[in-house]
Amino acid sequence: LMFGIIISAKVLNINEKNFILKKINNPSVSLGTLGNVSHGKTTFIKNLNPIYSYQNKSEIDNKITIKLGYSNSKITKKKVIGFNNSLLKYEIHRDRSISDESVVFDFSIVDCPGHEILASTLLTGVSIIDGSLLFISQEEWFPQSQSIEHLVALKNKNLMHIVIVLSKIDLLKINFFFYRYLFIKSFIEEVIYFKCIFIPFTEKVKTKRHFIFNNIINYFGNISRVLQFPPFFTVIRTFALISKTKNNNLITRGIFGGSLIRGYLKKNQLIEIRPGTLKHKNTYPFLNKIIGIKDFNLDIPEILPRGLIAIETNISSSATNNDLLVGSVVGEIGTLPPVYRALKIRFNIIKKNIKYNIRQTKKLMKTNAIEIGELVLLNINSATTLGVVMNINFSSVSIYLNTPVCSFALAKVTVSKFIEQKWRIIIWGSLEGGLKITPF
């Protein structure tokens, strides 16, 4: 059965899920922050939650997001007695152990890098989010090439919940700001074909957090998830955890960070990880057991979709260290979708769907056709791999992959071409089929 096509599945809205998740205690929604570099994504997150989302030393030293940033938070609502009447006050918490009745929204933030050379990392982040905060700086002309690619990524994912954050509004006069707002609004509605909400933001004049929280809760609070199917956990980070026992013996655990797209996982459950390792044109999936489930520093016994979660296994550090298994999928043994060595993709070309007149992107559109034998970059689910174009016709393209991928049919795919020393998205579409490999 194809992912997303099942009608008889049990679907819970966010209120029903929050009732269940108070016991399970993992985030129920994943929100992504997208936008050009230096447009205020990480600063916005810190304004809501007093910590930066980037974690690596190189990111902290340079104060930029290179890998996917992440942060789990809870929003609580309390009544505050004012002069005339009682008011509702929203507060955000990083303490994952809070589970009382005041919690109204439990969510994860995926901070995607905005630099154009990190487009593949951006697409990995988009694959696991339920909604998006798209940042547009008011000090630069719109649209820019990265903004176009981010809109294409959101459109290909069919995300219906997008908030446009107009950052650095203090740099514009009020009359020119309204002109830019109307232009941006009409452009985005033409590109993605549905309406968005807008939030003004500046670091100098603090936007009221109550206003931001109220918009986030109301807009992202009706997202539903399918639960009654085999689990499908997509991996965006992998690393090794080495610890010592009381007897000073070293214990190595393989950690898989990502998001549960559907289904249900619990501690001590037997799992399969595909595509696994590639040897002699065959794939060998990993079979293991969930040793523990982490919501940052909190141990939890089980998880429902979605949010960012870490799964702890006994897989060796040589396989999981340094994000070696990013793009893999985790599920029950025998229930995961096929592994493909070649993909057939039904595609759309960007220039046929988005009209824009930037001088730089006009130049790129003249060279965006792909040819047989050309090397391209593919993103499907959270996997990124190179491939060679085998065949192309009016509506579909076949690509042989350097690294096999595991995916459902109709999964969203983006194809990028190396243009002017950068990977540029030129094709987006869905998986129709391809050359399957039977795992050993």
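Predicted model: local features only at pLDDT ≥ 70, side-chain atom pairs only at ≥ 80, totals over all residues.
Before I start: two rings of Phe, Tyr or Trp count as a pair if their centres lie within 6.5 Å. I need that for the cluster of Phe 142, Phe 183 and Phe 187, which form one aromatic group.

**Entry 1: the overall picture**

The protein has 440 residues, and 54% of them are buried. I found 10 helices and 25 strands listed for it. Then I looked at contacts with a separation of 6 or more, and 73% of those join residues 24 or more positions apart. The exposed surface comes to about 20700 Å², with carbon and sulfur atoms supplying 55% of that.

**Entry 2: the ring cluster**

Back to the rings. How many aromatic pairs does the structure hold? I got 6. The one I looked up is Phe 142 with Phe 187, an edge-to-face pair with 5.4 Å from centre to centre and 85 degrees between the planes. Phe 142 sits in the loop between β6 and α5, while Phe 187 belongs to helix α6, so this pair ties together parts that are 45 residues apart in sequence.

**Entry 3: the cores**

Next I went through the nonpolar cores. The largest has 32 residues, and Leu 34, Ile 164 and Ile 188 have the most contacts inside it. Elements giving two or more residues to this core are α4, β6, α5, β7, α6 and β25. Which of them gives the most? I noted α5, with 5 residues. There is also a second, separate core of 24 residues, which includes Phe 44, Ile 75, Phe 105 and Phe 201.

I picked β11, residues 250–262, to follow. Why call it largely enclosed by the rest of the structure? Because 10 of its 13 residues are buried.

Strand β10 (residues 232–244) pairs with β11 in the antiparallel sense, over 12 bridges. In that pairing, Phe 239 stands opposite Ile 255 of β11. β11 is also joined to β18 (residues 309–313) by 5 bridges, again antiparallel. There I found Ile 311 in β18 as the bridge partner of Phe 256.

A reminder to myself for reading strands: in a regular strand the side chains alternate between the two faces of the sheet.

**Entry 4: a hairpin**

Then I looked at β13 (residues 270–279) and β14 (residues 282–289), which run antiparallel and are joined by 7 bridges. Leu 278 faces Thr 283 across this pairing, standing opposite it. How many residues lie between the two strands of the hairpin? There are 2, and His 280 in the turn has a positive phi of about 55 degrees.

**Entry 5: cysteines**

Cys 112 has 0% relative accessibility, so it counts as buried. Cys 406 is buried too, with a relative accessible area of 3%.

Terms used: Residues numbered from 1 in each chain as written. Heavy atoms only, no water. Pairing = 2+ DSSP bridges. Helix = DSSP H or I, 4+ residues; strand = E, 2+ residues; numbered from the N terminus. Buried < 20%, exposed > 50% of the residue type's maximum accessible area, 1.4 Å probe, protein only. Contact = heavy atoms within 4.5 Å. Areas by Shrake-Rupley, 256 points an atom, 1.4 Å probe, with all protein chains shown as cover. Phe/Tyr/Trp six-rings, centres within 6.5 Å; stacked < 30°, edge-to-face > 60°. Core = buried A, V, L, I, M, F, W, Y, C linked by side-chain atoms within 4.5 Å.
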